[in-house]
Amino acid sequence: MAEFKLHCFAQSGNAYKSALMLACCEADWEAVWIDFFNGQTRKAEWRDTVNEMGEAPVLEHGGKKLTQSGVINAYLSKHFKKLGAENDDEELEVLRWTLFDNHKLSGVLGPYRFLNVLMPTAPDPAVMNFLKGRLDAAFAVLEVQLGRQPFVALDRPTIADLSCAGYVFYPADELNFDFKADYPNISAWMDRLKELPGWKPPYEMMPGEIFRAQR
Ligand SMILES: N[C@@H](CCC(=O)N[C@@H](CS)C(=O)NCC(=O)O)C(=O)O
């Protein structure tokens, strides 16, 4: 049995953040597939026994059960002494960008992509335009930051980078963003992240069938 278990599914960018962390730490881990699209995380039993928040990812390790990718990755970073902060100021900076990601990037890009290609009914264009505007504003912030320094929070890769990268490596038609053309600093940062030992794109990292909604 593997030392770490990550409850996840291939479409989950939030789970990808922790899967990527486990891979970068060369952890002995296994994926426990969540049948998200048949409602597993909405069932009372799953909420009672796995995560009361009804969300992926969930990490199991040595009797601990952790949720929230930011918390999971902070735990893994301390455990493996990788991709973390080296002092209090750095820790705050890593936390600051992780919260920015959860609120402004992944917290919007996840639903935007879900409406775009995964939801069975076509999305309302007004909703998509609103979310796209929010995302362009958030990516503009990241673009400026990555023009100042090579990685999001510090001058070296940290778990804040993994957080901000949760969704950007999904196929372009799922995201509707052309990072190379519109966000060159983000695109160059993505190339740097691909150099991390253990890096793989999300659909190769986690179990699950790739699909697009048939409308
Ligand atoms: N802030 C959380 C977000 C987790 C999250 O929203 N996960 C999605 C899958 S990518 C989910 O399970 N959503 C279920 C729901 O919102 O009901 C994290 O970083 O772990």
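I began with strand 3 (residues 58-61) and strand 4 (residues 64-67), which run antiparallel and are joined by 4 bridges. Two strands count as paired here if DSSP finds at least two bridges between them. I took strands (E, at least two residues) and helices (H or I, at least four residues) as DSSP runs, numbered from the N terminus. Looking up Glu60, I found its bridge partner in strand 4 to be Lys65.

A note to myself on the source: residues are numbered from 1 along each chain as its sequence is written. This is a predicted model, in which local features need pLDDT of at least 70 and side-chain atom pairs count only at pLDDT 80 or more, while totals for chains, interfaces and linings use all residues.

Next I checked the domains. The assignment gives domain 1 (4-83 + 200-205) and domain 2 (88-194); such bounds come from an automatic or database domain assignment. Their C-alpha centres lie 19 Å apart. I found 15 residues of domain 1 in contact with 14 residues of domain 2, where contact means C-beta atoms, placed from the backbone, within 7 Å. On the domain 1 side, helix 1 and helix 3 are the elements that give two or more residues. Helix 1 provides the largest share, 6 residues. That side divides into 7 nonpolar, 7 polar and 1 charged residues. For these classes, Ala, Val, Leu, Ile, Met, Phe, Trp, Tyr, Cys and Pro count as nonpolar, Asp, Glu, Lys and Arg as charged, and the others, Gly among them, as polar.

Then the ligand. I see 13 residues around the ligand, the closest being Ser12, Asn14, Glu55, Ala56 and Ser69; a residue is near if its C-beta atom, placed from the backbone, lies within 6 Å. Helix 1 (13-24), helix 3 (69-80) and helix 4 each supply at least two residues of this shell. By class, the shell has 2 nonpolar, 10 polar and 1 charged residues.

Last, I looked at helix 4 (residues 88-118) and helix 5 (residues 125-148), whose axes come within 10 Å and cross at roughly 145 degrees. Axes are lines fitted to C-alpha atoms, for helices over the stretch in contact, with angles from 0 to 180 degrees between N-to-C directions. The contact includes Leu105, Val108 and Tyr112 of helix 4 and Leu131 and Arg134 of helix 5. Its residues divide into 11 nonpolar, no polar and 2 charged.

Conventions: Contact = placed C-beta atoms within 7 Å.
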